[in-house]
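Please keep the sequence and the three-dimensional view at hand while reading.

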Amino acid sequence: MPAITVSRRQALLGTATVAAAAALSGLPPSRTLARAPFAAAQAPYYYRFAHGKMQATVVSDGILPLGDPSGTFLGTSKEEIGKMLTDNFLSTASVVLEQNILVLNTGDRLVLFDTGMGSSQLFGPTPGKMLANLKAAGIDPKDIDAVVATHAHCDHVWGIMSDDGSRNFPNAQIYISQADFDYWTDEAKLAIKEPAFMNAFIAGARKNLLPNRDRLVFVKDGQEFLPGIQAISAPGHTVGHTIYMITSDGKTLAAIGDLTHHQVLLLEKPRIEFAFDTDPKQSANTRVRILDMLAANRIPLIAYHFPWPGVGHVAKQGDGFRYYPTPLQMVLDQKG
Ligand SMILES: [Zn+2]
């Protein structure tokens with residue numbers, strides 16, 4: 001029975017190999033191999049990097065699943081959107097946006113850029129993680145000196161107030177454009193039926209901004225309103241949408257908020273329109289103009305909705321742009 005002989009030889013060889021490996025590893029040959037259970041927890045949802053003499057911590061509020069992209073990214077065909085996603089190995093079933101909240105330690109202040117969705121379930125149960133992730137990062141909300149908002153949409157200002165009416169950042173001054181404050185807290189707009197999200201957006205902005213009327217500071221285009229932090233008006237997504245240029249030790253980082261919501265769709269074809277834009281044409285013009293400037297000057301950016309943690313560069317590519325994520329720096333004092 002030669003087959004059995006071969007099989008037996010293989011078995012013996014196998015045993016010998018295991019024994020030899022065990023001898024090399026110093027483990028007894030009879031040791032039973034353990035099976036590790038799958039872990040239930042993901043890695044921490046915060047990330048630190050140096051920016052000049054400042055320290056940046058990106059803290060997530062969790063993901064925003066937008067569903068079928070053809071309902072959100074407009075002005076082109078469903079087929080083209082599908083091809084762009086497929087060519088970039090992304091799902092065509094649902095577009096998922098991150099919420100990358102920047103916490104900047106300037107050396108004498110802690111500045112938080114945007115605040116996530118709060119407890120709202122408007123986009124399902126995944127958002128609302130900002131406070132837990134701040135805690136995980138060792139940042140006490142009481143130590144935040146400034147909350148800087150890019151605009152007054154739900155995923156940016158709804159984390160200012162807690163549901164019990166208390167302030168999540170009790171010691172913070174709040175910075176936003178007056179145009180966005182006026183537009184999104186306007187009581188008359190509560191009656192607007194189209195688009196359907198309008199009523200909720202107005203109500204949420206009022207809930208989070210109006211109780212802070214006494215601590216609001218309106219930022220102006222071009223103004224350096226905190227040392228090293230300059231407001232640049234970037235209207236279109238909302239009337240007062242503002243990005244922030246953060247400069248330290250000769251280095252500038254752009255916190256671009258919602259200048260672009262997607263690292264492929266709104267970069268490769270930056271004139272595609274986004275359903276939540278107040279003025280989609282103005283938004284596209286602003287996007288192209290500012291991305292051109294960032295690309296030409298090789299200025300790094302943090303994009304609120306790009307894949308975690310949203311830090312990288314954009315470069316010109318064809319009629320649009322391409323995103324180059326910065327490699328994660330796992331040594332904090334790593335240079336360049
Ligand atoms: Zn947003």
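## The second largest pocket

The second largest pocket has a volume of about 260 Å³. On a 1 Å grid over the protein atoms alone, a pocket is an open set of points where a 1.4 Å probe fits, with protein on both sides within 12 Å along at least five of seven lines, and lining residues have an atom within 4 Å of a point. Grid points are joined across faces, edges and corners, and the volume is the space filled by probe spheres set on the points.

The lining of this pocket consists of 13 residues, and those nearest its centre are Pro 44, Tyr 46, Tyr 47, Arg 48 and Met 330. Sorted by class, the lining has ten nonpolar, two polar and one charged residues. Here Ala, Val, Leu, Ile, Met, Phe, Trp, Tyr, Cys and Pro count as nonpolar, Asp, Glu, Lys and Arg as charged, and the others, Gly among them, as polar.

## Basis of the model and overall make-up

The model is predicted: local features need pLDDT of at least 70, side-chain atom pairs count only at pLDDT 80 or more, and totals for chains, interfaces and linings use all residues. Residues are numbered from 1 along each chain as its sequence is written, and side-chain values use heavy atoms, with hydrogens and water left out.

The protein contains eight helices and 18 strands; these are DSSP runs numbered from the N terminus, helices being H or I of at least four residues and strands E of at least two. Of the 336 residues in the protein, 46% are buried (under 20% relative accessible area; exposed is over 50%, partly exposed in between, with a 1.4 Å probe and protein chains only). The protein exposes about 16,800 Å², of which carbon and sulfur atoms supply 57%; the areas come from the Shrake-Rupley method with a 1.4 Å probe, and for residues only the protein chains shown count as cover. Among contacts (heavy atoms within 4.5 Å) between residues at least 6 apart in sequence, 69% join residues at least 24 apart.

## Parallel strands around S9

Strand S9 (residues 173-176) runs parallel to strand S8 (residues 146-148), and three bridges join them. S9 also pairs in the parallel sense with strand S10 (residues 216-218), again over three bridges. Strands are taken to pair if DSSP finds at least two bridges between them.

Ile 174 in S9 stands opposite Val 147, and Ile 174 also stands opposite Leu 216 in S10.

Leu 74 lies in strand S4 (residues 73-74) and is partly exposed, with a relative accessible area of 32%. Leaving aside neighbours within four places in sequence, Leu 74 is in contact with Ile 272, Glu 273 and Ala 275. The C-alpha atoms of Leu 74 and Arg 271 are separated by 9.5 Å, although these residues are 197 residues apart along the chain.

Most residues other than glycine have a negative phi, and most peptide bonds are trans. A cis peptide bond joins Glu 194 and Pro 195, with omega about -10°; Pro 195 is in the loop between helix H5 (178-184) and helix H6 (198-209). The bond from Trp 308 to Pro 309 is also cis, with omega near -5°, and Pro 309 lies in the loop between strand S16 (301-302) and strand S17 (311-317).

Asp 114 is not a glycine, yet has a positive phi of about 70°. Asp 114 is found in the loop between strand S7 (110-113) and helix H3 (130-136), and counts as buried at 2% relative accessibility. Asp 249 likewise has a positive phi, of about 55°, and is found in the loop between strand S13 (242-248) and strand S14 (251-255).
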